Amino acid sequence: MNFDYTEEQSILLDNLRRMMDTAATPEYIREHDENGLYPYEVYEAWVAMGLIGLPFPESYGGFGGNVIDMALVGEELGRKAYSFLEAYGLSVFSGLSLLNNGNEEQKRIWLPRLIKGEIRMSISMTEPDAGSDAGNMRTLATRDGNDWVINGQKVFSTAADARNNVITLYCKTDLEAPYQKGITAFLVPNDTPGVETRRLRTFGANMLGLNEVFFDNVRISDAQRIGAVNGGWNCMLSGLLFERIVTSAGYVGNAQTVVDQALAYAKERKQFGRPIGEFQAIAHMLADMQTRVDASRMLMLRAAAKVAKGEPALREVTEAKLFGSETFVEVANQGMQILGGYSYMMEYDMQRHYRDARSTTIAAGSSQMLRNLIANTMGLKVR
Ligand SMILES: Cc1cc2nc3c(=O)[nH]c(=O)nc-3n(C[C@H](O)[C@H](O)[C@H](O)COP(=O)(O)OP(=O)(O)OC[C@H]3O[C@@H](n4cnc5c(N)ncnc54)[C@H](O)[C@@H]3O)c2cc1C
């Protein structure tokens, strides 16, 4: 595998790093995290540099980037804060789901608007009684002439309340169909009459925020349905490998920042007359942290390389997401230890890294579900 960047990728990363250094300063991130503010200004800067369009075909206003380009971007965004990767990923993953499953007219209407920043997107799948077992969802869309009427409730929907947001909503359209077979995907702008979002109080992920979303007789047109009726599960699966690679890249980026900040502190902070990094206990923690982050990056790039070649990569992608998220949690925990009492202070970023990391072994496929999946690729039958 060749992990060298092409010239275009190096230019893209240089531009992105410069843009993020200017737009996402430490003060900006701290203010938005502490006050639960969506990073609109940073998102607009991505739009301006064409980043939202990166993975989309030129015919819709995009740039035709591949999964490796997206992995590099994912790591760079994650370096500042994992939440940036999430804000970017929600829009791009939803757009790709539309690209892969929508009809030509839908793509012509929605994708240029997404790429130009007129809309952003989020995903609502999870419900109070349907988490890992998403097929058990109960939010129901009922056909009424050329419309659908939606009733129900979603939970933990990241950034669903953001300005100009369109929700990729997964609903039951057939309660009798076995399990995942009766689900359909729809596009629902969050200002549609009958949609109500309510921000939840959370431990981390404050910049984007998690929401309950209520649907009370929400009427939408059949033109807002993506893919076949009862074909929503396949719609969700169609982008899963790509999404998990880019998400894993975000973990790597934020985990690398944790190591960088812990290392800088260990070189600076003196106790007993010498930098704490000269105590073997601390030095070995840092060596283990960097090794784990490098291993996460290799797993992620290996998975991306296989997907880019069109090879089957379910196990490789799942390993990258599992190991990357657990590494992020582990290094953030060790980073807290290395910064001692200062890690606990809100003016140090380590507490935010730790809070944001903690959700990553739960969301988008928990560690337990991912281990089940890996075991199944090994010929076991885990449920
Ligand atoms: C920060 C954050 C952001 C999120 N963003 C979104 C979003 O934008 N949109 C959205 O739709 N959802 C979102 N979610 C929801 C997320 O996808 C769910 O939390 C996740 O699927 C787990 O569901 P649950 O929380 O109901 O836990 P449960 O499914 O109830 O699981 C509880 C525990 O049981 C374990 N478990 C469950 N089933 C099994 C099994 N078969 N084998 C072994 N262990 C099992 C789980 O691993 C976990 O440890 C988000 C969650 C978080 C924390």
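Predicted model: local features only at pLDDT ≥ 70, side-chain atom pairs only at ≥ 80, totals over all residues.
The centres of domain 2 and domain 3, taken over C-alpha atoms, lie 31 Å apart. Where the two domains meet, domain 2 brings four residues and domain 3 brings six residues to the contact. Here two residues are in contact if their C-beta atoms, placed from the backbone, lie within 7 Å. On the domain 2 side, two of the touching residues are nonpolar, two are polar and none is charged.

Residues are numbered from 1 along each chain as its sequence is written. The protein chain is divided into domain 1 (7-119), domain 2 (121-230) and domain 3 (239-377). These bounds come from an automatic or database domain assignment.

Now turn to the ligand. Its shell draws at least three residues from each of domain 2 and domain 3. Of the 20 residues around the ligand, G131, S132, S359, S366 and Q368 come nearest. A residue counts as near if its C-beta atom, placed from the backbone, lies within 6 Å. By class, the shell holds nine nonpolar and 11 polar residues, with no charged ones. β1 (120-124), β3 (147-158) and α12 (367-377) each supply at least two shell residues. Such helices (H or I, at least four residues) and strands (E, at least two) are DSSP runs, numbered from the N terminus.

Follow β1 next. Five of its five residues are buried, so β1 is largely enclosed by the rest of the structure. Buried means 20 or more other C-beta atoms within 10 Å of a residue's own, with C-beta atoms placed from the backbone; exposed means 12 or fewer, and partly exposed lies in between. R120, S122 and S124 point one way from β1, while M121 and I123 point the other way. Five bridges join β1 to the parallel strand β4 (residues 165-172). Strands pair if DSSP finds at least two bridges between them. I123 stands opposite T168 in β4.

What of the largest nonpolar core? Among its 97 residues, A71, F186, I245, M300, A303 and V307 touch the most other members. Helix α8 (residues 240-268) gives the most to this core, with 12 residues. A nonpolar core is a set of buried Ala, Val, Leu, Ile, Met, Phe, Trp, Tyr and Cys residues joined through C-beta atoms within 7 Å.

Key:
Nonpolar A, V, L, I, M, F, W, Y, C, P; charged D, E, K, R; others polar.
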